[in-house]
Amino acid sequence: MTAPTISVSTRILWYRRMFIAERCLISFAMGIFALLPVYLLSIGRDEIFFGSISAAGMATAILIVLISPSLTRRFGVRRLAPIGGLLYAAGCATILVNEFSGVRATLPYFLSYMLQSGGWALHFTVGSICIAALSSDADRSSSFMAYSAFSTLGVTCGPLLSSLLTRFTGLGTLDMFILAMLAATAGSALSSWAAQRAANIRNADIPNNASLARDLFTLLFSNSAMFFVLVLLSASIYTTLINFQAPFANNSGLRYEIFFGSWAIAVVGSRFAIGPRVSRGAADRILPLLLGGMVISLLGFHYSPGHPVIYAVGSLATGITYGLSYPLMQAEAVRVTAPQSRTLVQIIFSLSYFLGLYFFPFAAGIVSVHLGYDTLTLLIAGLALLQTAIALLGYRMTRRKPASTVAGNKG
């Protein structure tokens with residue numbers, strides 16, 4: 001008897017699951033480092049210092065995303081796939097060496113965050129390209145929903161598990177940073193295994209005859225441009241919620257575990273329970289509705305100090321609206337773009353994401369120190385209101401414009 005043959009579609013599904021598992025593991029490591037601001041406060045640093053190292057991380061992340069078209073064309077997606085996780089693990093190792101040495105020099109904090117940011121940027125960009133390459137037009141939206149769901153699951157499980165382990169096992173924060181390093185390394189190994197075996201990955205490479213500067217510039221004025229702005233604002237809201245949640249909760253008489261638990265349930269649950277229906281609906285109606293709902297949910301944080309129920313409800317509502325709107329933006333950016341331009345669209349999408357993710361904590365740190373968390377919560381609600389207005393106006397404009405094509409990417 002011969003062994004049963006595994007179909008091509010089944011193999012592709014398993015490869016896609018490997019990349020989803022990688023995202024979950026690296027996101028888990030990233031979630032553990034959401035405790036870094038609290039740790040820095042415990043050793044005499046402040047929010048502005050964290051904002052400063054975050055800004056340095058932003059510069060590295062943006063550099064990685066900017067050169068990723070050239071890296072992709074030079075080395076191929078297959079070789080780049082596992083590098084992001086390894087860089088993130090190296091960033092974890094850097095901060096551990098600095099802490100265990102007892103010196104706690106300033107420079108290693110910056111170097112660590114730059115390595116982590118660069119690793120996350122490369123993983124975020126190349127991983128999304130791989131998921132798009134392993135998905136058809138029919139299931140791409142649902143694939144991004146699942147990819148984003150497990151990303152959020154990792155980010156939220158990181159601080160929750162860290163809280164449980166440090167509370168009941170006697171382990172410290174530095175032990176959690178070791179766990180983060182191991183998770184990032186394991187994720188890199190998974191993507192390396194899948195990338196070497198998935199033939200579809202090679203199709204995502206940028207051909208050598210592409211005119212990168214011209215094509216990137218063209219896409220900035222295409223139908224996808226609105227989604228680049230929307231994801232920049234979404235990343236600004238997201239990074240504030242994640243990175244400043246622990247100090248916000250401590251200052252407000254709340255437990256940050258309420259947020260991370262509610263956020264995880266809402267984001268993951270909504271993407272699996274409602275996500276498929278949302279992906280089949282009219283995005284030009286659903287997306288502005290979700291963003292408008294996010295405005296209301298974010299206002300809940302402003303009124304939550306001293307009220308854990310409001311805190312939990314606001315976290316749940318924000319998790320649902322953000323959880324459904326973000327992958328919808330990503331799928332829409334790809335949908336309105338010609339197939340030969342979609343790898344470059346993912347790169348610009350990543351660039352917009354990292355601009356918000358790493359720049360805004362610096363602004364948020366200044367606001368929280370000088371104006372307080374009450375003002376910061378109103379600020380992020382204002383960003384969501386701006387998103388809603390841009391989505392409403394942008395969809396009206398894109399209906400009058402044809403889909404973008406980039407001739408230089410044909411190969």
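Predicted model: local features only at pLDDT ≥ 70, side-chain atom pairs only at ≥ 80, totals over all residues.
1. Cys-92 is buried, at a relative accessible area of 0% (buried means under 20% relative accessible area, with a 1.4 Å probe and protein chains only).

2. Residues are numbered from 1 along each chain as its sequence is written, and side-chain values use heavy atoms, with hydrogens and water left out.

3. Cys-130 is also buried, with 0% relative accessible area. Its sulfur is 17 Å from the closest cysteine sulfur, again in Cys-24, and that is too far for a bond. The structure has zero disulfides (a disulfide being a pair of cysteine sulfur atoms within 2.5 Å).

4. Helices α6 (residues 106-133) and α16 (residues 342-370) pack at about 145 degrees, their axes 10 Å apart. Helices are DSSP runs (H or I, at least four residues) numbered from the N terminus; axes are lines fitted to C-alpha atoms over the stretch in contact, and angles run from 0 to 180 degrees between N-to-C directions.

5. Contact means heavy atoms within 4.5 Å. Residues of α6 that meet α16 include Tyr-113, Trp-120 and Phe-124, and those on the α16 side include Gln-346, Tyr-353 and Leu-357.

6. Trp-120, in helix α6, counts as buried at 1% relative accessibility. Beyond four places in sequence, Trp-120 touches residues including Arg-23, Met-30, Tyr-88, Ser-151 and Phe-354. Ala-184 is 64 residues from Trp-120 in sequence and 9.8 Å away in space, C-alpha to C-alpha.

How values were computed: Buried < 20%, exposed > 50% of the residue type's maximum accessible area, 1.4 Å probe, protein only. Helix = DSSP H or I, 4+ residues; strand = E, 2+ residues; numbered from the N terminus.
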